[in-house]
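Subject: Structure handover and notes

Dear colleague,

Here is the structure I promised to pass on to you. Please keep it open beside this message while you read the notes below it.

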Amino acid sequence: RVVRSFLNKTYTILKSTGTFFSNMNLHIIQCDSRIQSDDRITSQLEFDNYIADLKVRGYGGTDFRAVFDRIDKLIEDKEFTDLRGMIYFTDGLGTFPEKVPDYPAAFIIIEDDKEKPHIPPWAIRLVTTLEELEK
């Protein structure tokens, strides 16, 4: 439920940019200590179908470096030629890369009473609530 709310909220924000869906090259990467899935979305229909059939994969032992490595490989392979950034929905607990990425990286964290994660200074940090996501 939380992941679906996050994706729907992100979809709404991206859709408001107007041109997003006309040149979309979106990768939704699910990861824990390793990549669990990497789904490429190139149209609004593909996005809608992905949301309708969403299966959350992974759980625990997060290593953020795996996703950064995957993105670096996609850039190297020219899958991304004008990467505008990465949005990472997470509890913020995990191993971060030491190297600052060549693109903006935002970490969206659900506020709770648990341990407050340390996010590196180079990362964009947004703390939200489940209620906010579901609006």
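Predicted model: local features only at pLDDT ≥ 70, side-chain atom pairs only at ≥ 80, totals over all residues.

Residues are numbered from 1 along each chain as its sequence is written, and side-chain values use heavy atoms, with hydrogens and water left out.

The secondary structure of the protein chain comes to 4 helices and 5 strands, where helices (H or I, at least four residues) and strands (E, at least two) are DSSP runs numbered from the N terminus. Read from the N terminus, the elements follow the order α-β-β-α-α-β-β-β-α. Of the 135 residues in the chain, 36% are buried; buried means under 20% relative accessible area, exposed means over 50%, and partly exposed lies in between (1.4 Å probe, protein chains only). Taking the contacts in the chain with a separation of 6 or more, 49% are between residues 24 or more positions apart, a contact being heavy atoms within 4.5 Å.

Turning to the sheet, strands β3, β4 and β5 form an open sheet in the order β3-β4-β5 with parallel pairing, and two strands count as paired if DSSP finds at least two bridges between them. The edge strands, each pairing on one side only, are β3 (86–90) and β5 (124–128), and the twist from one strand to the next averages 20 degrees. Between β3 and β4 (residues 105–110) the parallel pairing extends over 5 bridges; within it, Y88 has F107 as its bridge partner, and F89 is partnered by I108.

In helix α2 (residues 44–52), the buried residues are F47, Y50 and I51. Seen down the axis of α2, these buried residues fall within an arc of 95 degrees, so they line one face of the helix, the arc being that of the directions from the helix axis to the C-beta atoms. The face of α2 turned away from this buried side carries the exposed residues L45 and A52.

Finally, a search of the whole structure finds 5 salt bridges, each defined as a side-chain nitrogen of Lys or Arg within 4 Å of a carboxyl oxygen of Asp or Glu. One of them joins the side chains of D38 and R70 at 3.0 Å, N to O, and this pair links distant parts of the chain, with D38 in strand β2 (residues 35–41) and R70 in helix α3, 32 residues apart. D38 is partly exposed at 25% relative accessible area, and R70 is also partly exposed, at 28%. Another salt bridge, between R40 and E79, has its closest N and O atoms 2.5 Å apart; here R40 is in strand β2 and E79 in the loop between α3 and β3, 39 residues apart. A further one brings together D82 and R84 at 2.9 Å, N to O, and R84 is exposed, with a relative accessible area of 68%.

Definitions and conventions: Axes fitted to C-alpha atoms, helices over the stretch in contact; angles between N-to-C directions.
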